[in-house]
Amino acid sequence: MAWVNAIIQGVLTGGLYALFACGLSLMFGVMKVVNLAHGDLAVVAGYVAIGVITVTHIPVLWSFLIVVPVMALLGYVLQRTIIQSALDRSVLTTLIVTFGLSVVIENGLLQFFTANSRAIGTELALVRDSFKVGSQIQIGYLLVVIFAVAVVVLLGLQYFLSASKYGRLIRAVADDREAAQLAGADYRHVFGIAAALAFGTVALAGISYGMYSQLQPTTGTDTILLFAFAAVVIGGLGSLWGTLLGGVVLGVAQQIGAQINISDEVLAGYIVFLAVLVLRPQGLTSRRTQS
Amino acid sequence: MTVPGDTERAENGTPLLEVRDLTVHHGQLRALEGISLRVFPGEVYAIIGANGAGKSTLLRTIAGLHRPTTGTVLFDGRDVTRLRPERRATQGIVMVPEGRRLFGSLSVEENLKVGATYARPGPWTIERVYELFGWMRERSNQKTAQLSGGEQQSVAIGRALVANPRVLLLDELSLGLAPVVVQRIYGMLSQILATGLTVLLVEQDVSQALRVASRVQCLLEGRTTLEGEPGDLTPERVEAAYFGLGETAAGGGDAGGGNGGQPVPSAGHRSPVPGGGQAMGQSSGGGSEQLWPG
Amino acid sequence: MSLITETAARPAGKLRVTRSRRNVAWTGAGALIVVVVLALLPYIVYSGTTSIIVQAFIVLTLASMWNLLAGYAGLVSVGQQVFVGLGAYFVLILAIHGTSPFAALPVAVIACAVAALPLWWLVSRLRSGYFAIATWVLAATVMLIIERFSSIGGGTGMPLPGLSGLSSVLLTAYTYWAGLAVTVVALATMYLLLRGRLGLVLTAIRDDEVAARSSGARVGLARLLVFVVAGAGCGAAGAVLAISQLQVQPGAVFSVQWTAEMAFATIIGGLGTIEGPIIGTAVYMVLQQTLASYNAWYLIILGLVAIIIALWSRRGLWGLVDEHLHFRLFPVGYWLWPEDVSRPSRLLSRLRRSGTQ
C-alpha cells in the first residue's frame, strides 16, 4: 500500500512541477531562452507574498491576486530590457545573464532575509488536512488543489495560445520571427507577453510551493529549476500537456526512489532526467528529433 | 545613370517607392552597390538577375530586414530607411518572402489572421482572399505544412494581401514551383493590381518577369546592369546584362518597335536556377492542382 | 543603356604575417620573472597572505578553464563544479589509502581527465541551453551519489588525512607552491593549445561550424579535447582546494558557487582572451577581500558587474585594453602587415555597421 500512496503522491506532485515548468517551456519554446533564474523567480514571488501578508495582514489567497500580476509585469519589463539585450547579442549571453541574475537574486535574498526557511502559513483547513481513500491511502488536500490549479492553468494557456490574437502571434513569432515582422508584429512586444505569462505562472507556482513546503534563498536552484527543466525535457518541448506528463513522470520517479531508499528521492529524479537527455532528448511526447 | 521613361513619369507625380544609391553589406561582403529605382503607383516593377546578384537582398532591405550601409529608402516621399520592418508593414510595405515562410504550426486561416492583425483599412479581407483562391476555404483549417508548393505560395500571398498593403514586394514567387503553376500565380497579378496595389517583384524566371512587368531592372553582382521597359529590350541585351557579357555591337540599335509587347522567347533565357525546372512540394498523383475555381 | 564592366581588382602587395606586434621574447621573459617572484613569496610574506593568493590561484585556474570552454569552444557549462568536487574527492580517496595529498594531486588530475570522457558522452550531443542544464544536473547527481558513501564522509564530509606530519609553515608553503604550479601549468597548457592547431579549429568552429566541418576540421574531437582539458584543470583546482581547506565537504566542493565565481571572473576580465581571466580574478579577489565581512555582497556585486559587462562590452576589461593598445600578453592570433605600412591593417574593422534588425 505504501507504493500506491507513493505513486499517487508522485502524480500529484507532478502537477506542482508542471506549474513550475510551463513558464520555462514557454520562454524556451518561443524565444529560445533558457531562463536559469526561473526557479529563483518563484522563490522571490513567495517571499514577496510573505512580505505582503505580513505587512497588510490580508488573507493568504489574496496575496495571489497581488503578487502574480506584479510578477507578470516584472516579466514583461525584464524581457523588454535585459533579456532582449542579451538575446540580441547571443545565446551564450542569455545563459550568462540569466545565470548572473539567478546568483544575484539568491544572494540578495540571503543577504536580506537570512538563510532561514520560511513558509506561508494559513488558517485554512485546506492546507493542513488530508482525506483518506480506503483505509490506507492518505492524500493531502493542498496537493490535490495544486494539481487542479495546474490543470486549470494549463488549460487556460492552451486556450490562450490557440484562440486569442496574442496567442496566435506568440505561436507565429515562435515559428518564424522574420515572417511575423513582415506581417507587422513587433516581436519584442510579443516576447514580452510570453515572458509575462512565464513570470506570472511561476509566481503562482512559487506561492503555492510556499504554502505546501518551505522557501529558502537557495530553493530556486536546489529544488525548482532542475525539476522544472526535467519536467519540460521529459515531457517534450512544445507541448504544454507534455509538461504535465513530464512532471508526473518526475514525481513518480522520485517517490519510487524514496521507497527504495529514503535519501534517494531527488537522485532518482535526476537519473531519469539524465536518461531522457541521453536517450531521447526530444522528450516523450515530441515527434521531432533534436538535431 | 539615366533611367528611360523618367521624363514621362516625372510628370505623373512622385514615386510611391524610391531607392536612392543603396549600398548593402553582408558582414564584409558587399551585396549591393549604388542601386537606385523608382516604382510608381499602379505599376509592376521587376528585378531580375542571376543567383547571388543581390535581388533578394534589395527586397529585404526595402522591407526593413536588412540595414543598408549607405543610401535611402523612401516611401511616399518619406524616408523610411531607419524604420523597423514591422513599422514599414503597417505603413503599407508588405513583403511575401522568398520560400513562402508560412507559420508551420498554424493553419491556413490562422496564417491569414496573423497577416490581418495589424492590417491597414482597405478592400482585402480574409473572405476576399478565399474568393481569389477558391480552394482555400475548404482547407482553411489545415496545417500549412500539408499544402503543395503552389498552395503555400497562394497562402503566403493571401497573408500579405489581407494586410492591405500599398506596395507588395514579391520575392522569387517561382522558386520551387512548376512553370504551369508559376504562370497561374502570375496570372492573378492583374486581379491584385486592380485593387490599387503596386508591385515590386524579384524573379529569376526572366521570361515570366518580362511578361508581367511594366519596367525591369537587371542586377549583376550587386550592380545595376540594365533598366528599361520590356518592350524596349531585346533578348540579346537582357542576356548580356544578365550574364555580364561585353556590350554587343548593335546593342542600342534594334531596340524598340519590333518587339512591342511581345513576350521574349524563353528558350534562351531560362534562368540557370537549381530547382527552377523541378517542382518542389507539388501534390502528387491526380491532376488536382486547383489554384482557383472551375 | 550602358553596361557596367567589372572593376579591376587591386593588385595585392606583399604581406607579412606575424604572431604578435612586438617581440614575443619580451613577454616570455616577463612571464618567467613573474613566476620566479611568485615562487619566492612564501619566504617573504606571512602565511595569511599566501593563503589568500592560493585562493586566487584556484579561482584563476577555474576561470581560465571556463574561458576555454565558453570563450573558445562555445560551451557554456554551469556544472564545472563537478570536476572541482571530483578533484577534491580523488585526493581524499588516495589520502585515505595512505598517499600524500601532494603526490595525489597529479593522479587526481589525470583521474578527472578520464572521468571527463563518460561525462562528455552524456552531454556532447546537446545544444547550448540543454547542455548548460545537463552539466548542472550532472554535478548535482554526482554529488548525491558521492554522499551515499560514508567511507568518504557521506553528506557531511571529512577532514583530509596525511598532512598532519608537516609543520604549519611548511604546509602553507607546499600548498602555495602546489597552487602556483597548477596555475602555471594550466595557463601554459591553454596558451600552447590555443596557439596551435586547436586554436585555429576552435576559431573556425566559432565563426561557422558547418564550414569548419566541411573543410575537414574535427569539430567533435576539438570539443572533446577542450572538455577534457577543462575537466582536468578544474579537477586540479579542486585538489588544491582540498589541500588548502584540509577537509572535503560535498556541499562545499560541489557548490554551483564555483561556477558562478569562475564565470563572473571570466566575463568581467574578458571572455575569449587568455589575459581576461587574470584581470577578472584580480577584480574578484579585490571585491572578496574588501567585502568579506558583508557575506553575500561580493557575489551580488560581482554578478551585477558581470551582467553589465556581458550586455555592454562582451570582451570585458581586457577587451578595452586590447582594443586601444593592441597589446597581448599571450599572442595566439595573427597580424597582417601590408607592404608599406608600419601598423597592421585596419581594413577588417570597417563595415561592422550593417546587419539585420
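Helices (H or I, at least four residues) and strands (E, at least two) are taken here as DSSP runs, numbered from the N terminus. The structure is a predicted model, in which local features need pLDDT of at least 70 and side-chain atom pairs count only at pLDDT 80 or more, while totals for chains, interfaces and linings use all residues. Residues are numbered from 1 along each chain as its sequence is written, and chains are lettered from A and ligands numbered from 1 in the order in which they are written.

Leu180(C) sits in helix H6 of chain C, which spans residues 168-195. This leucine counts as buried because it has 20 C-beta neighbours inside 10 Å; the term applies when 20 or more other C-beta atoms lie within 10 Å of a residue's own, with 12 or fewer making a residue exposed, anything in between partly exposed, and C-beta atoms placed from the backbone. Leaving aside neighbours within four places in sequence, Leu180(C) is in contact (C-beta atoms, placed from the backbone, within 7 Å) with Leu38(C), Ala39(C) and Phe57(C). Phe57(C) is 123 residues away along the chain, yet its C-alpha atom is separated from that of Leu180(C) by 6.5 Å. For chain C as a whole, the secondary structure comes to 14 helices and 5 strands, and 43% of the 357 residues are buried. Of the contacts in chain C between residues at least 6 apart in sequence, 78% join residues at least 24 apart.

Chain C also meets chain A, in a contact that takes 33 residues from chain A and 34 residues from chain C. On the chain A side, two or more residues each come from helix H3 (60-89), H4, helix H10 (219-235) and helix H12 (265-279). H4(A) gives the most, with 15 residues. By class, this side of chain A has 25 nonpolar, 7 polar and 1 charged residues, where Ala, Val, Leu, Ile, Met, Phe, Trp, Tyr, Cys and Pro count as nonpolar, Asp, Glu, Lys and Arg as charged, and the others, Gly among them, as polar.

Within this contact, helix H4 (residues 91-113) of chain A packs with helix H13 (residues 297-312) of chain C at an angle of about 155 degrees, their axes 8 Å apart. Axes are lines fitted to C-alpha atoms, for helices over the stretch in contact, and angles run from 0 to 180 degrees between N-to-C directions. H4(A) is therefore roughly antiparallel to H13(C), a label for angles over 145 degrees, with those under 35 called roughly parallel, 65 to 115 roughly perpendicular and the rest oblique. The residues in contact include Gly100(A), Val104(A) and Asn107(A) of H4(A) and Trp297(C), Gly303(C) and Ile307(C) of H13(C). In total, the contact of H4(A) with H13(C) has 13 nonpolar, 6 polar and no charged residues.

Lys32(A), in the loop between helix H1 (2-31) and helix H2 (38-56) of chain A, has a positive phi of about 60 degrees although it is not a glycine. Asp76(B), another residue other than glycine, has a positive phi near 55 degrees and lies in the loop between strand S5 (70-75) and strand S6 (78-79) of chain B.

Technical notes
Contact = placed C-beta atoms within 7 Å.
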